[in-house]
Amino acid sequence: MRKGSLFSILLILTMGMMAACSNGVTSSKEKTEMIRQKAVHSNNILSTEKGDMIFTANMDINTVSITDVNKMKVLAEIPVGKEPVQLALSPDEKTLYVSCRYSGTVDLISVKDKKKIDTIQVGNEPFGLLTSQDGQKLYVAKFREDSVSVINLHDQKIVNEIKVGDRPRTLALTADGKKLYVPQYLEGTISVVDTKKEKVKKVIPLAESPDQSDRKKSQGIPNTLEQIVIAPDGKTAWVAHYLTNIDTPIHFEETVFPAISVIDLEKDKEIVDKRKELFAEINVTDKQNQTMIVSNPADIVFQSDGNKAYVVMSGSEDLVVFDLKRGGNAVQILRRIEGNNPRGAVISPDDQMIYVHNAMSHDIATIDTGGDSSYARVKNAGDNMKLIKKDPLSPLVREGKTIFYSANSEEFATDITGNNWMSCVSCHSDGELNGLTLTTPKGPRNLPSNVLTTETGLFMWDGSRDDFTDYLITVQTEMGGMMKYKQNEPLPKDVQHMYDAMFAFLKEPSSFPVPKSPYRENGKLSQVALEGKELFEGKGNCLSCHGGSMFTDSVKAVGKDHKLTTDRTDFLHDIGTASSLDQPSDGDGRAQFTNPRDGKSFDTPTLRGVWATAPYFHDGSAKTIEETIERHQYESAPNLTKGEIAKIAEYVRSIE
Ligand code: HEC
Ligand code: HEC
């Protein structure tokens with residue numbers, strides 16, 4: 001039996017509401033208006049209240065699928081804008097709203113007609129979105145604008161921008177509709193928006209998990225905040241995120257840990273001792289009596305009475321079951337959800353089935369919960385259901401993307417990580433950066449974005465890699481995978497193929513569009529930026545290193561065969577940014593130690609999209625573009641006034 005949900009919607013029939021509207025339109029039409037009375041969150045998968053239909057945002061396919069759950073059949077696959085990431089329903093469930101990240105729009109779909117009916121322009125990279133409980137407003141988190149737009153759904157106009165922190169992503173709304181929770185993706189904080197005042201009333205910081213004398217115990221800075229989900233009793237919310245340990249050298253068992261934090265919604269504070277972490281609350285052992293490692297937590301679903309929670313691990317591809325009636329710890333791990341990259345889930349109203357959306361294989365995995373008893377065991381239930389007709393990505397790009405997002409040690413030609421610990425995405429959050437500076441034997445290293453990474457010459461801050469297979473070093477030393485291969489020998493064909501596939505994914509232009517700069521005016525340089533450009537190219541002499549279409553001279557580091565070579569160090573520059581923490585290196589085995597580095601000279605970074613990648617420099621020591629310019633020291637460096645620096649900085653922030 002369904003518990004509660006049937007009664008959670010209140011139907012109000014309002015007569016002649018339209019007549020009261022401003023522009024004098026009179027209508028005697030009866031309008032059905034529903035006030036939703038349960039908490040909601042936006043997600044990449046949603047189901048109707050009755051549980052008869054499932055909607056999925058097929059992120060890189062640019063479609064939304066509507067699935068009949070009883071028949072397990074896709075009823076429609078509807079083309080929408082670019083990169084549809086999240087979905088929301090109107091309270092009456094007649095309209096589905098889709099945030100299309102790269103087209104900057106929200107598409108409206110009629111659930112009945114299964115057709116796109118409208119498009120709203122909202123701005124730079126819309127992500128999470130929700131309708132208000134009365135269905136009058138739409139809230140849209142804008143990842144690149146640090147704000148939540150409030151849209152009046154009568155005329156589809158943006159009526160307010162609520163300023164929040166850096167990179168708002170997913171959203172959750174309380175049952176009474178009064179509070180909107182907005183996690184900031186990399187900041188590790190959650191803004192609480194008062195929906196009446198349309199203002200942030202509090203910012204909840206997630207606590208750092210303290211250092212442990214045992215480095216293999218969970219610890220670190222909370223970041224990469226994925227879904228936030230309010231528990232059925234409305235008293236707490238769970239948020240899935242990572243913890244990153246930055247103060248010891250990167251090691252697969254010691255650097256990134258999965259976590260679920262619990263927020264008290266009355267006090268709007270984290271309940272720190274309720275956080276779910278590896279080896280403590282998440283300590284389910286395998287047949288060898290070892291703790292099972294899970295990674296990249298992405299989403300949470302609650303049993304309707306709140307007695308159990310199921311957490312989707314998108315990297316290790318597992319489902320972790322928490323028993324909240326008996327202490328709240330993990331009690332079972334379903335090792336491997338069928339399909340690739342489980343990113344979101346919904347539960348049926350009778351709590352019997354969990355449907356998981358796989359973002360790489362584009363299908364739905366069906367999991368039988370076994371019911372609500374404490375002794376129930378979840379298990380995979382039958383074949384996955386395909387959501388799409390055609391994958392627009394080439395098979396090679398899809399394979400590379402799947403590897404990039406995976407921490408499943410048992411997939412592919414060989415293991416990408418040791419014991420399911422890490423995916424590329426564990427650091428390059430959703431394929432970009434995590435805003436942190438990690439410790440390496442060469443010194444502190446600011447985590448770079450993957451945007452344009454294949455187009456900007458040598459890899460790494462010190463330009464010590466020229467071929468993508470050199471990432472074998474990252475996989476071995478940081479991710480604990482592929483340990484059986486020798487760095488100085490060619491890779492077997494099938495392993496080489498994994499690198500070719502990842503490279504194809506990184507190179508594919510649709511994978512990482514350069515973030516659009518908010519410093520432009522209607523896409524064009526502002527007057528100040530134009531003056532800055534003149535200085536950049538003239539007196540500032542920036543072009544001598546940040547030249548060409550990629551704003552770096554690193555692309556010139558090629559040998560006689562026109563291929564990039566780490567032998568060319570004439571395009572590395574010492575601009576006085578090294579500190580005592582930076583160490584010279586003898587090079588690495590992959591390059592037969594022909595790539596030693598002095599620890600002071602760095603590869604010129606691209607400036608395209610640099611407005612979005614703070615902090616700056618190899619060690620993350622500069623917070624602003626102004627500071628980076630002030631700190632460049634080299635012979636013939638021009639003397640720039642504060643005013644000139646400000647203009648150049650404005651231009652640099654406008655480069656896309
Ligand atoms: C433990 C965190 C971590 C993981 C996991 C990780 N990276 Fe990185 N990545 C970094 C850091 C830190 C750097 C900068 C290192 C340096 O310059 O010395 C980097 C640099 C890079 C760069 C170079 C960027 C440039 O233009 O110079 C690429 C490309 C890259 N990583 C791709 C990957 C891929 C592909 C994977 C998965 C196979 C991966 N990374 C896994 C932390 C990580
Ligand atoms: C002599 C070569 C050279 C010149 C000239 C130069 N840069 Fe740089 N720039 C670099 C190098 C090398 C780095 C990376 C230093 C590091 O990571 O420690 C860098 C880093 C930067 C960064 C930080 C990028 C990031 O992703 O962290 C910005 C912004 C920047 N430069 C802007 C400028 C501007 C503006 C000018 C002209 C006023 C300029 N640079 C002139 C070599 C140069």
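This is a predicted model: local features need pLDDT of at least 70, side-chain atom pairs count only at pLDDT 80 or more; totals for chains, interfaces and linings use all residues.
For S13 the count is 6 of its 6 residues, and the strand is mostly covered. Lys137, Tyr139 and Ala141 point one way from the strand, while Leu138, Val140 and Lys142 point the other way, and the residues of both sets are buried.

Let me now turn to the partners of S13. On one side of the pairing we have strand S12, residues 126-131, which runs antiparallel to S13 and is joined to it by 4 bridges. Within that pairing, Thr131 has Leu138 in S13 as its bridge partner. The two strands make a hairpin with 5 residues between them, and in the turn Gly135 takes a positive phi of about 75 degrees. The other partner is strand S14, residues 147-152, which pairs with S13 over 6 bridges, again in the antiparallel sense. Here the bridge partner of Lys137 is Asn152, and this hairpin leaves 4 residues between its strands, with Asp146 in the turn at a positive phi of about 55 degrees.

A separate item is the open sheet of 5 strands, ordered S3-S16-S17-S18-S19, with antiparallel pairing. Strand S3 (40-41) and strand S19 (199-205) stand at its edges and have a single partner strand each, so one side of each is left without a neighbour in the sheet. For S3 the pairing is with strand S16, residues 172-173, over 2 bridges, and His41 has Ala172 as its bridge partner there.

One loop residue deserves a moment, and that is Met59, found between strand S5 (53-58) and strand S6 (63-68). Is Met59 buried or exposed? It counts as buried, because it has 21 C-beta neighbours inside 10 Å, where the cut-off for that class is 20 or more. Leaving aside residues up to four places away in sequence, Met59 touches Asn44, Glu83, Pro84, Val85 and Ala359. By contrast, Leu324, which is 265 residues from Met59 along the chain, has its C-alpha atom 32 Å from that of Met59.

Moving out to the whole chain, the domain assignment gives domain 1 (39-198) and domain 2 (400-654), whose C-alpha centres lie 33 Å apart. The contact between them takes 5 residues from domain 1 and 8 residues from domain 2, and the domain 1 side of that contact is made up of 2 nonpolar, 1 polar and 2 charged residues.

As for the ligand, 25 residues surround ligand 1, and the closest are Cys424, Cys427, Thr453, Met460 and Trp461. Strand S35 (437-440) and helix H2 (472-477) are the elements that give two or more residues to this shell. Sorted by class, the shell has 15 nonpolar, 8 polar and 2 charged residues.

Finally, a word on annotation: the UniProt record, an unreviewed entry, carries "domain: Cytochrome c" over residues 395-506 and 527-656. In the model, residues 395-506 are 27% helix and 7% strand, with the end C-alpha atoms 14 Å apart, whereas residues 527-656 are 24% helix and 3% strand, with the end C-alpha atoms 17 Å apart.

Technical notes. Residues are numbered from 1 along each chain as its sequence is written. Chains are lettered from A and ligands numbered from 1 in the order in which they are written. Domain bounds come from an automatic or database domain assignment. Two residues are in contact if their C-beta atoms, placed from the backbone, lie within 7 Å. Ala, Val, Leu, Ile, Met, Phe, Trp, Tyr, Cys and Pro count as nonpolar, Asp, Glu, Lys and Arg as charged, and the others, Gly among them, as polar. A residue is near a molecule or strand if its C-beta atom, placed from the backbone, lies within 6 Å of it. A residue is buried if 20 or more other C-beta atoms lie within 10 Å of its own, exposed if 12 or fewer, and partly exposed in between; C-beta atoms are placed from the backbone. Two strands pair if DSSP finds at least two bridges between them. UniProt positions are given in the numbering used here, feature names are shortened, and annotations may be inferred rather than shown by experiment.
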